[in-house]
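Good morning, and thank you for making time for this item.

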Amino acid sequence: MSGSKIELHLHLEGAAPPAFIRGIAAEKHVDLSGIFDAQGHYAYDDFDGFLRVYEAATSVLRTPRDYARLLAEVLECSVGQGVIYTELFISPEFCGGADLAAWRDHLAAMTEVAERARGQGIDSRAVLTAIRHMGPDRARQTAICAAETALDAGGGWVTGFGMGGAETVGQATDFHWAFDCAREAGLGLTCHGGEWGGPDSIRQALALGCTRIGHGISAIHDPALMRDLADRQITLELCPGSNIALGLCRDWAAHPIAQLVDAGVRVTVSTDDPPFFHTTMRHEYQRLADAFGWGLDEFNRINKWALDAAFCDSETRERLR
Ligand code: ADE
Ligand code: ZN
């Protein structure tokens, strides 16, 4: 199977191990016991419950130092999974309330960590991520944070803008202003779509100018859309373990990843929020190998597609090939 992996879709807040969150909560005397099960894992029943637990866990991350510690732990974990390049989805709405000055402080602390981690074998970039159910006004503020810090000293670590959260709330096109602002700042664009919504939700994300789609699995129901995705070389950031854990796919064999590849769609593999879904990059690759007989050729191909679609400069891309 593949050695070096490229991960394009990893929520920093969603990658926080439960023990890490418990440690920070204890330091701040916050009682978070309600969000863990008897084994100490995050406990939720459905996607709404997932979002609630996610936001409760994230609420204890309050300072630039908290975020720096989290990033250090997450990048170390990614190195252990054989990941050499990762894009972290980070929501300024959580760190600092999408306030530009607060975001700058958080970013400065994180870029130092990212710089150190580069020396330890992992390159990273940040995709600032608006949260759809918080509405277009907050997304605007997030886009301003992204646009204003895209070229900051610290080496241009912020290279993308995206949107996650509850996909069935509103229309993606309500967020035009935010995506236009990010595009004008030269940022790469991605949006969660076709995870909980149908093919039209993917079309809306494309109308926002996205070159990548977070999940996008509902494209499987629309041959014309799949042809369009293939023709335009739009890349899907697939997270099969997430889809299975959240009940969108029955099991690994039922995941549409192999059919999407057969239809000519560029797919990549990521973990989304690994401790929430009891997954890791190695686990994803192993389950895909088991379910579809994938080996080195298939994994090399998805990693090539991932690098092609990465929101990084061409020098970095060529160095990682
Ligand atoms: N934020 C974190 N994980 C997410 C997911 N799977 N879908 C939408 N928003 C998210
Ligand atoms: Zn996601």
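**A walk along the parallel strands**

Strand S4, helix H6 (residues 176-184) and strand S5 together form a β-α-β unit, and the unit is right-handed. Please keep in mind throughout that this is a predicted model.

Let me stay with strand S4, which covers residues 158-164. Is this strand buried or exposed? Of its 7 residues, 7 are buried, so S4 is largely enclosed by the rest of the structure. On one pairing, strand S3 (residues 123-131) runs parallel to S4, and 6 bridges join the two. Within that pairing, Ile131 lies opposite Gly164 of S4. S4 also pairs with S5 (residues 188-193), again in the parallel sense, over 2 bridges. Here Gly160 is the residue that stands opposite Gly188 in S5.

S5 and S6 run parallel and are joined by 4 bridges. In S6, His215 is the bridge partner of Gly193. Between S5 and S6 the chain passes through H7, and this β-α-β crossover is right-handed. Strand S6 in turn pairs with S7, in the parallel sense, over 3 bridges. Ile213 stands opposite Leu236 in S7. The chain goes from S6 to S7 by way of H8, and that β-α-β crossover is right-handed as well.

**Helix H7 and what follows**

Which residues of helix H7 (residues 199-207) are buried? They are Pro199, Ser201, Ile202, Gln204, Ala205 and Leu206. These buried residues pack against S5, against strand S6 (212-215) and against helix H8 (223-231). Just after H7 comes Gly209, which takes a positive phi of about 95°.

Ile217 is placed in the loop between S6 and H8. Although it sits in a loop, Ile217 has 24 other C-beta atoms within 10 Å and is buried; the cut-off for that class is 20 or more. What does Ile217 touch, apart from its neighbours within four places in sequence? Its contacts are Gly194, Glu195, Leu238, Asn243, Leu248 and Pro256. As a reference for distance, Ile217 and Ala43 are 174 residues apart in sequence, and their C-alpha atoms are 25 Å apart in space.

The second residue, Gln233, belongs to the loop between H8 and strand S7 (235-238). Its phi is near 55°, a positive value in a residue other than glycine. With 13 other C-beta atoms within 10 Å, Gln233 is partly exposed.

Why does His278 count as exposed? It has 11 C-beta neighbours inside 10 Å, and a residue with 12 or fewer is classed as exposed.

**The surroundings of ligand 1**

Which residues surround ligand 1? The shell consists of His11, Gly14, Gly164, Gly165, His192, Glu195, Ser242, Asp272 and Asp273. Some of these names have already come up: Gly164 stands opposite Ile131 in the pairing of S3 with S4, and Glu195 is one of the contacts of Ile217.

**The chain as a whole**

Finally, let us step back to the whole protein chain. How many helices and strands does it contain? There are 13 helices and 8 strands. The radius of gyration is 18 Å, close to the 20 Å that the globule rule gives for 321 residues, so the chain is as compact as a globular protein of that length. Along its principal axes, the C-alpha trace spans about 50 × 45 × 40 Å. Buried residues account for 48% of the 321 residues. Among contacts between residues at least 6 apart in sequence, 72% join residues at least 24 apart.

To close, I would return to strand S4: this strand is largely enclosed by the rest of the structure, and it pairs in the parallel sense with S3 and with S5. Thank you for your attention.

Key: Residues are numbered from 1 along each chain as its sequence is written. Chains are lettered from A and ligands numbered from 1 in the order in which they are written. This is a predicted model: local features need pLDDT of at least 70, side-chain atom pairs count only at pLDDT 80 or more; totals for chains, interfaces and linings use all residues. The radius of gyration is taken over C-alpha atoms; the globule rule is 2.2 Å times the number of residues to the power 0.38. Two residues are in contact if their C-beta atoms, placed from the backbone, lie within 7 Å. A residue is near a molecule or strand if its C-beta atom, placed from the backbone, lies within 6 Å of it. Two strands pair if DSSP finds at least two bridges between them. A crossover is right-handed if, with the strands pointing away from the viewer, the path from the first strand over the helix to the second runs clockwise.
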